[in-house]
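This report is a first tour of one structure.

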Amino acid sequence: MIEAVIFDMDGLMFDSETVWLKSWEIALAQKGLELDPRLFGMIAGANRESCLETVDELYGGDPLAIQAAEDHFRVANELFRAEGAPMKEGLCELLDYLESRNTPKAIASSSSDEVVSSCLLHANVQSRFPVVATGDLGLPSKPAPDLFLFVARALGVEARSTIVLEDSGNGIRAAHAGGFIPVWIPDIAPLSESDQALAQYAFDSLLQVPGLVDQLNAGC
């Protein structure tokens, strides 16, 4: 039986990746720099520390790029506080489905408490997640499985019977490494073929997840 479902947030629950992209463009432009097209795919699903390390490597240690990376968090926080982000198709339907079957659910996001809280509050779904783990916990970043394992322990469930919903390669690798059931629902950051191969299932939207849960439970 499926014991629980763990949600990533950015690009999975909300169309928030466009907000992050905008914050990068603004912060880099203020330093006279352009967005490297490789950056967004490399940092999707990563926490603050990993993000800064990637920028340092990608921009050859340019101090202006590091400053821009720091600034983009502030810009993003302002944007999320003001507007949140649009909900992805099927989110409310999936939450209703899981609640109707008493299936535990949680959020495991590399974003900060402030960003996650802003999105949940604007969408009025904050009370529907009893466990919310963010990048502020200081755990190793995805693709390490620590954030997902932390949530599984909090829910009291086994990884092997828990679905992880992700849109990023870092998230899919983290779910696979932790022994979870990785489900890929694509957003704007592309996945490599090797990352796609780690996803046990792939769907176009959250609307298809209830069918998967029914299928897996029926096979028990």
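## A loop residue and its contacts

The model shown here is predicted. Start at Ser-112. Leaving aside its neighbours within four places in sequence, Ser-112 touches Asn-77, Thr-134 and Asp-136. Ser-112 sits in the loop between β2 and α6.

Where does Glu-49 lie relative to Ser-112? The two residues are 63 residues apart along the chain, and their C-alpha atoms are separated by 12 Å.

## Helix α4 and helix α6

Two packed helices are described by the angle between their axes and the distance between the axes. Helix α6 covers residues 113–123. It packs with α4 at an angle of about 20°, and the axes are 8 Å apart. An angle under 35 degrees counts as roughly parallel, so α4 and α6 are roughly parallel to each other. Their crossing is left-handed.

Which residues meet here? From α4 come Asn-77, Phe-80, Arg-81, Ala-82 and Glu-83. From α6 come Glu-114, Val-115, Ser-118, Cys-119 and His-122. The residues of this contact divide into four nonpolar, three polar and three charged.

## Helix α3 and helix α4

Helix α4, residues 63–83, also packs with helix α3, residues 48–58. The angle is about 150°, with the axes 9 Å apart. That makes α3 roughly antiparallel to α4, because the angle is over 145 degrees. The crossing of α3 and α4 is right-handed.

On the α3 side, the contact is made by Arg-48, Cys-51, Leu-52, Val-55 and Asp-56. On the α4 side, it is made by Ala-65, Ile-66, Ala-69, Glu-70, His-72 and Phe-73. By class, the contact of α3 with α4 has seven nonpolar, one polar and three charged residues.

## The largest pocket

Rolling a probe the size of a water molecule over the atoms shows where empty space is left. The largest pocket has a volume of about 470 Å³. Its lining is made of 27 residues. Nearest its centre lie Ala-46, Asn-47, Phe-73, Ser-110 and Ser-111. Phe-73 is also part of the contact of α3 with α4.

Which elements give two or more residues to the lining of the largest pocket? They are α1 (17–30), α2 (39–43), α3 and α4. The most comes from α4, with four residues. The lining of the largest pocket divides into ten nonpolar, ten polar and seven charged residues.

## The cavity

How many cavities of 30 Å³ or more does the structure hold? It holds one. About 60 Å³ of space lies in the largest cavity.

The largest cavity is lined by Asn-47, Ser-110, Thr-134, Gly-135, Leu-137, Leu-139, Pro-140, Ser-141, Lys-142 and Leu-147. By class, four of these are nonpolar, five polar and one charged. Asn-47 and Ser-110 line the largest cavity, and both are among the residues nearest the centre of the largest pocket.

## Two backbone details

Most residues other than glycine have a negative phi, and most peptide bonds are trans. Pro-143 is placed in the loop between β3 (131–133) and α7 (146–155).

Asn-102 belongs to the loop between α5 (91–100) and β2 (105–108).

Technical notes. Residues numbered from 1 in each chain as written. Predicted model: local features only at pLDDT ≥ 70, side-chain atom pairs only at ≥ 80, totals over all residues. Heavy atoms only, no water. Axes fitted to C-alpha atoms, helices over the stretch in contact; angles between N-to-C directions. Parallel < 35°, antiparallel > 145°, perpendicular 65-115°, else oblique. Left-handed = near helix turned anticlockwise from the far one by under 90°. Contact = heavy atoms within 4.5 Å. Nonpolar A, V, L, I, M, F, W, Y, C, P; charged D, E, K, R; others polar. 1 Å grid on protein atoms, 1.4 Å probe; cavity = no way out; pocket = protein on both sides within 12 Å on 5 of 7 lines; lining within 4 Å. Points joined across faces, edges and corners; volume = space filled by probe spheres on them.
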